Amino acid sequence: MSKYELGFYDPFYEDWDDLFRFPKELNHKSHLMRTDVKENEKSYQLDIELPGVKKEDVDVSLHDGYLTVSYEHKNEKETKEEGRYVRRERFYGSLSRSFYVGENVSEEDISASLDNGVLTIEVPKESKVNKETKKISIK
């Protein structure tokens with residue numbers, strides 16, 4: 001059922017909505033964790049975009065060869081402003097993404113840092129075997 005069938009029509013809203021329409025391929029939560037993977041001589045470097053995310057809200061763990069990055073983004077700011085929002089573009093919730101790094105990688109060999117909204121993770125190409133789930137500290 002369209003907006004018109006529901007009796008809702010606002011020409012300002014229609015024009016405004018068209019100005020900020022996202023392409024279909026970007027209309028998914030995965031674009032919130034864009035990742036670049038760079039290969040170095042002895043390691044892989046993952047650069048994951050996490051704009052506005054605090055280090056305390058990010059969890060990086062390793063289990064059975066899978067490196068998992070997850071975070072929870074919360075809306076801590078309540079506003080009591082006048083007026084009606086036509087569109088609000090904020091994400092509140094949790095996201096998780098996993099990367100297979102091999103079963104021969106241990107958490108001691110992985111380093112992670114968060115700087116200016118980019119989580120950088122260094123994963124060695126070869127390491128010792130570890131089957132337990134371990135958390136990786138973020139610097």
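Where is lysine 55 found? Lysine 55 is located in the loop between S2 and S3, strands here being DSSP runs (E, at least two residues) numbered from the N terminus. The structure is a predicted model, in which local features need pLDDT of at least 70 and side-chain atom pairs count only at pLDDT 80 or more, while totals for chains, interfaces and linings use all residues. Residues are numbered from 1 along each chain as its sequence is written, and side-chain values use heavy atoms, with hydrogens and water left out.

With a relative accessible area of 38%, lysine 55 is partly exposed, a class that lies between buried (under 20%) and exposed (over 50%), as computed with a 1.4 Å probe on protein chains only. When residues up to four places away in sequence are not counted, lysine 55 touches Leu114, Ile138 and Lys139, contact being defined as heavy atoms within 4.5 Å. Lysine 55 and leucine 114, although 59 residues apart in sequence, are separated by 6.6 Å from C-alpha to C-alpha.

An open sheet is formed by 4 strands in the order S1-S2-S7-S6, with antiparallel pairing, where two strands are taken to pair if DSSP finds at least two bridges between them. Strand S1 (35-39) and S6 are the edge strands, each pairing on one side only, and neighbouring strands of the sheet are turned by 15 degrees against each other on average, direction ignored; the axes are lines fitted to C-alpha atoms, and angles run from 0 to 180 degrees between N-to-C directions. The antiparallel pairing of S1 with S2 extends over 5 bridges, and aspartate 36 has aspartate 47 in S2 as its bridge partner.

The largest nonpolar core has 23 residues, and those with the most contacts inside it are Val58, Val60, Leu67, Leu119 and Ile121; such a core is a set of buried Ala, Val, Leu, Ile, Met, Phe, Trp, Tyr and Cys residues joined through side-chain atoms within 4.5 Å. At least two residues of this core are supplied by each of several strands, including S2 (43-49), S3 (58-63) and S7 (118-124). Beyond its neighbours within four places in sequence, isoleucine 121 is in contact with residues including Tyr44, Leu46, Val60, Leu67 and Ala112.

A search of the whole structure finds 1 salt bridge, the criterion being a side-chain nitrogen of Lys or Arg within 4 Å of a carboxyl oxygen of Asp or Glu. Glutamate 39 and lysine 125 form a salt bridge through their side chains (2.7 Å, N to O). Because glutamate 39 lies in strand S1 and lysine 125 in the loop between S7 and strand S8 (134-136), the pair ties together parts that are 86 residues apart in sequence. Glutamate 39 is exposed, at a relative accessible area of 53%, whereas lysine 125 is partly exposed, at 32%.
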